[in-house]
Each structure stands twice: as structure tokens, then as C-alpha cells.
Amino acid sequence: MAQKHPEDRHPMLDQLSQLWRNRTAVAGLVVIIVFILCGIFAPALSPHDPIDVALYDQLKPPAWSEGGSTKNILGTDDLGRDILSRIIYGARVSLLVALVSVGLAFCFGTIIGSISGYYKGRLDDIVMRGIDIILSFPYILLAIVVVAYLGPSLQNAMLAIAITYVPRFARIVRASVLEESEKDYVMAARAIGARDLRIIFVAILPNCMGPLIVQTTLSFASAILDAAALSFLGLGAQPPTPEWGADIARSRALILRASWVMTFPGLAILGAVLGFNLLGDGLRDALDPRLRD
Amino acid sequence: MAAYILRRILILIPTLLGVSIIIFFMLHLTPGDPAELLLGERASDEALKNLREHLGLNKPLYVQYGLFLKRLVTLDLGETIWTRQKVWVEIRQRFPATIELSVTALMISCTLGMIFGIISATKQYSAFDYLSMLGALAGVSMPIFWLGLVFMLIFSVNLGWLPISGRLSVGVDLEVVTNFYILDAVITKNGPALRDALWHLIMPAFTLSTIPTAIVARMTRSSMLEVLRQDYIKTAKAKGLSQFKVIFKHALRNALIPVVTTIGLQFGVLLGGAILTETIFAWPGVGKWMYDAVMQRDYMVIQNGTLFIAGLFVIINLGVDVLYALINPRISIK
């Protein structure tokens, strides 16, 4: 058997091992996995039904404070619903919203960006101008306006977030495709008669995955944050859906009486977003050496 | 240079036009027309017809867009639907509140962000560096609408140090000149009002500054590290200059170039974040106004307010780009 040279290792292995050595990135990954598991196994993990109203158990404080009981570890809200259960189910909602909106933005952004970067010229100018226009709406305002027009619902919030995220994917893919399409292997592919679509999606795009993966991870973080903000404003998830942002909005009226109702959903948002940001930063260090500092 | 600025200004026109097209058609192409949105599903046909006529909704879309543009060019932003106020009048009253809040938040972000960034870079891999960068990451990940409520709970409800919401306490007299309350209090030499206005500003401004502070700190650190590795810094150190001089006289200047761009871009984050912050703290600015308009479906305010904010944002970005070209001699302008 031929001896293995270090050069024979797939570069991805190096990147993975580098990621593994980055303790903060691994911590982020662990946090994300915990939230994903919560989302998937929510019915098994949560002690109570998240939307079951229990009027005898209104505003019970967390178990460790006076008057709390182990029945509702994180306490209950003004309708007697178990906060821990709502947070566990909330992971499902938030992750799903992030998955759908980032997924949509990823697909459309990649298609738009690769076509724009590959064909260049007039088409590129027009597409990039359009992207600039979307980017000239301040963060979250466009999403608010879209939902305000379409009507408040979780689906529309996802759609709105997807629209606002298309530009960042389109720009990254375009820049990578512009760079890659000058290289010899693309010329080789063209010489053997490959069609444009094949060149873009089979030859070029796999080589642009690094920055795309980084952007996707970081977008998951901001999508969770934006979806929570929209729901907080009453434009996303509608009651009685267990959603972290919406639960914080409900708790505003209780700030004088029951601070625990607002504390835990906020910590859940912070934790989930932090997890994706930690992993995103680690991935950037591993996959995108140009951005390393 | 002049050609570059001129070209950037010319690009502004199609961008603003595109913004207006998006805002206009988004409203008019969504299912259900504004009249139905306003009056609800059970409105009588006659009422709908009257309102459509009043708002000009019975004309073809391109005519409506034309009229919309014509009004914009003459800076006529129309009236709000419910209160029948001129949109301009509302903006003039509310915009200073938003600017007061955003600029204060931006000042906090620049100061704190740069201090933490510089110290972290000069003491790379120290405990301070790790902690402040972890803090910055938490800051970027912070749901500020929640943080604002936490601040409220701690500083207003529990400690009673800061007022819970609004811009001025009931019973504090202030002669309004510019609608910038801080400025007004200074102009009219009104000490108690100045104190009160500043007191009200603290919590919302810190809430709003969270994300930009974190971003500026991270940017300053990485930019500073980049510069500190360069040869001329080694030379400066070899010459025996003090650490202070090396950092503040030699390194900081070049390190700040990308930071300035970052700071400029934070205006968008601030204007967006202002919607959340103002809503929580009942701060009577443009953000709260937009939120109320969304809740009441006042599409005139949504449409024209969005246009105003987006237009402002485009112009600020243009300013930042030009400034960037001016302070960075290395950028080549073709």
C-alpha cells in the first residue's frame, strides 16, 4: 500500500481539525445541538403542554424562589402555562423559522449571485443595483414593512426575513464566482463543452462553499434574532404559539409583578443566537483564511 | 475626487427611485387594497368606494405611482390617515427625538467600542481580551428589546434610579425650540429640564448602543492587530518610543480607517434598532411612530416614513463612502 503523504489529506479534514481545536466554536456547536435536540424532542422533553391554560397555577415563580414548586421549574405565566415547556417548544419554532428563511435566502441568493457573477456585464450591473436598493433599507425595517403589508403571521415573517437576507448571499456568491471564473479549470470545463449551468453549479460553486457556509451560520443567528424581534412587535408568531419574542412581548405588562416571565425567553434567544455566532466565527477562522486575524 | 463624488451622487437617483418603486408596489400588489385594510372586511361597499376615491385608489397603478412620485419631488409626503396630520409635521416633531437617541447611542458605541477594542488588541490573548471579546459576541447576539426590559426591571423597577420611559417627566416644563430636548434645555438655560432629559436618555441610549458597541469593539481589535504587525510599528518600537506613543500616534491612525466605515454603517442598525428601543421605552421618535402606524395600518405613514428613513440611510451611506475616500489616500478612485 502506498504511504500516505500529508498532502494527500483532503483540505476539509484540515479545516475540520482546526475547527475542532477552536474551543469557542465547539462550545457554540454544543449549544446549537442542545437547542436542536430540544426542538426535535420537544414533546418528550417538556414537562407540560406549552399552550395548556392552568388558571389555578397563574404566575408561579421559579422552583428556587419562595412560593415556587418543582412542578413548574421556571415558573408559569399569567395564564398558568409552564414557562420551561414554552421555551422548549419555542426552540422548535425559532429554529424552523431560521431554517426556512435562511434556506430561501440561500437558494435565491446563490442563484442570483452566481448568474450575476458568471455572465457579468449589463445583467450584473442591473442585478447589483437591485441588491443595493434592497440594502438601502435599514436593518429590520424592510422586514417590518413587508409583514405590515402582507399581514402578521409566522409565514410572512419568514418570507420577510428571507427577502432581507438574499443580498448578503448574492454578494458573497457573486464575488467568489467572479474570482473563480477566471481560473484555468473553468476554462478547461468550457473547452470540453460543458454548458454554463453545469460550469456554474458543478465546477465553480463547490469551490465557493467556504464563505457561504460561514455566512449561512451567521445568518441563522441573525434570523433567530430578527424573527424574535418581529414576533415581539406582534408581526410574527401569533398567540398561542410558543415563541420566545412573542412571550417577551406578553411579559411586558407583568414586569412589576413577575419578572421571571420575561427573563427566561430572553436568555433562550441570547443562548441560541450566541451559539450560532460562536460557531460562525470559528468556521470563518477555519474556512476563510483571508478573514483570519 | 470631484468626479467620484459626482458619480456617487448620480447613482443615488436610480437607487432612490428603486426604493420608491419597491415601497409603492409592495403595498399595492399585496392582496387586498389599502381601503379594505383600513376599513376591515365588513365595511360596506359604499364606504370602500368613497375611501378609494379619497385616496386615489380607483386610478390605474401607474397613474397612482406617477402621482406618488410627483408629490415626492415636491416634498409633499401627504397626510396621516387617522390623525389627518401632515406627515412632514410629524417627521419634524419626531425625527429630532430619534436623532437625539441614535447619536447618543453612537457616541457611547464609539467610545466604549474603541476603548475595549484597543485594550484587547494591545493585550491580545489576555484575560481582558478573552472576556471583552466574549462580551462583544454576547452583545452582537443580544435581543435588545429584551435587554431594554431587563434594564428597566433593574434600574427603574428595582433600584428606582432611572425613569422607566418617555423623554421628559410629567411636570417638567421645557420650551420646545428645536425638538432636540437636550439642545432646547441648553438654549433656554433650563437646568432641571436638562437633567431630566439626560436622565431619560440614559437607558434607551445604552440599550440601542449594545450591538454597535460590540461591532465597533470587534472591528477596532482586529484592525488594530493588523496594523500592530506591520514593519513601521516595529521600527517605532525599535526607536524606543513609548508604548503609548506607538499605539496612539502611529498605530491608531491607520487602524481607524476601517473602523470609521464600520461606524458609518451602524446608522442603519441604529435606525432599525430605534424601532424596537423606542417602542419599549415609549420614546416618541420616528421608530415608535412607524410601529404605531404598522399597528393601526396607517399605510400613508408606513409608505412615506419608510421612504424617508431609507432615503436618509442611502444619503448617510453615500456620505460615509465619500468620507472614506477622503481619509484613505490608498483607495484609488478611477
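Read along its sequence, chain B follows the pattern α-α-α-α-α-α-α-α-α-α-α-α-α. That comes to 13 helices and zero strands, where helices (H or I, at least four residues) and strands (E, at least two) are DSSP runs numbered from the N terminus. Chain A has twelve helices and zero strands, and from the N terminus on its elements run α-α-α-α-α-α-α-α-α-α-α-α.

Before going on, a word on the model. It is a predicted one, in which local features need pLDDT of at least 70 and side-chain atom pairs count only at pLDDT 80 or more, while totals for chains, interfaces and linings use all residues. Residues are numbered from 1 along each chain as its sequence is written, chains are lettered from A and ligands numbered from 1 in the order in which they are written, and side-chain values use heavy atoms, with hydrogens and water left out.

## The two chains in numbers

Accessible areas come from the Shrake-Rupley method with a 1.4 Å probe; for residues, only the protein chains shown count as cover.

| Chain | Span of C-alpha trace | Accessible surface | Share from carbon and sulfur |
|---|---|---|---|
| Chain A | about 75 × 55 × 30 Å | about 13,900 Å² | 64% |
| Chain B | about 85 × 55 × 40 Å | about 16,400 Å² | 65% |

How much of each chain is buried? Here buried means under 20% relative accessible area, exposed over 50%, and partly exposed in between (1.4 Å probe, protein chains only). Of the 293 residues of chain A, 52% count as buried; for chain B, buried residues make up 49% of its 334 residues.

Contacts tell you how each chain folds back on itself, with contact meaning heavy atoms within 4.5 Å. In chain A, 71% of the contacts between residues at least 6 apart in sequence join residues at least 24 apart. In chain B, residues 24 or more positions apart account for 71% of the contacts with a separation of 6 or more.

Now for charge. Lys and Arg count as positive and Asp and Glu as negative, while His and the chain ends are not counted. The place of a charge is taken as NZ of Lys, CZ of Arg, CG of Asp or CD of Glu. Chain A has 25 positive and 25 negative side chains, and the centres of the two sets lie 2 Å apart. Chain B has 29 positive and 21 negative side chains, with the two centres 15 Å apart.

## Where the chains meet

Look next at the interface. In it, 49 residues of chain B are in contact with 43 residues of chain A. The buried area (the accessible area, with a 1.4 Å probe, that two parts lose on being put together, summed over both) is about 4,100 Å², and carbon and sulfur atoms give 79% of that. On the chain B side, Phe145(B), Trp146(B) and Leu149(B) lose the most area to chain A, together 16% of what that side buries.

Most residues other than glycine have a negative phi, and most peptide bonds are trans. Three places here are worth a look with that in mind.

Lys120(A) has a positive phi, near 50 degrees, and is not a glycine. It lies in the loop between helix 4 (83–119) and helix 5 (121–135) of chain A. Because its relative accessibility is 30%, Lys120(A) counts as partly exposed. Leaving aside neighbours within four places in sequence, Lys120(A) is in contact with Ile115(A), Leu178(A), Ser181(A) and Glu182(A). Lys120(A) and Leu178(A) are 58 residues apart in sequence, yet 8.1 Å apart in space, C-alpha to C-alpha.

Ala282(B) also has a positive phi, of about 50 degrees, and sits in the loop between helix 11 (243–281) and helix 12 (286–296) of chain B. With a relative accessible area of 37%, Ala282(B) is partly exposed.

The peptide bond from Pro239(A) to Pro240(A) is cis, with omega near 5 degrees. Pro240(A) lies in the loop between helix 10 (209–232) and helix 11 of chain A.

Helix 11 of chain A (residues 244–251) holds Asp247(A). Is Asp247(A) buried or exposed? Asp247(A) counts as buried, because its relative accessibility is 9%. Beyond its neighbours within four places in sequence, Asp247(A) is in contact with Arg86(A) and Pro265(A).
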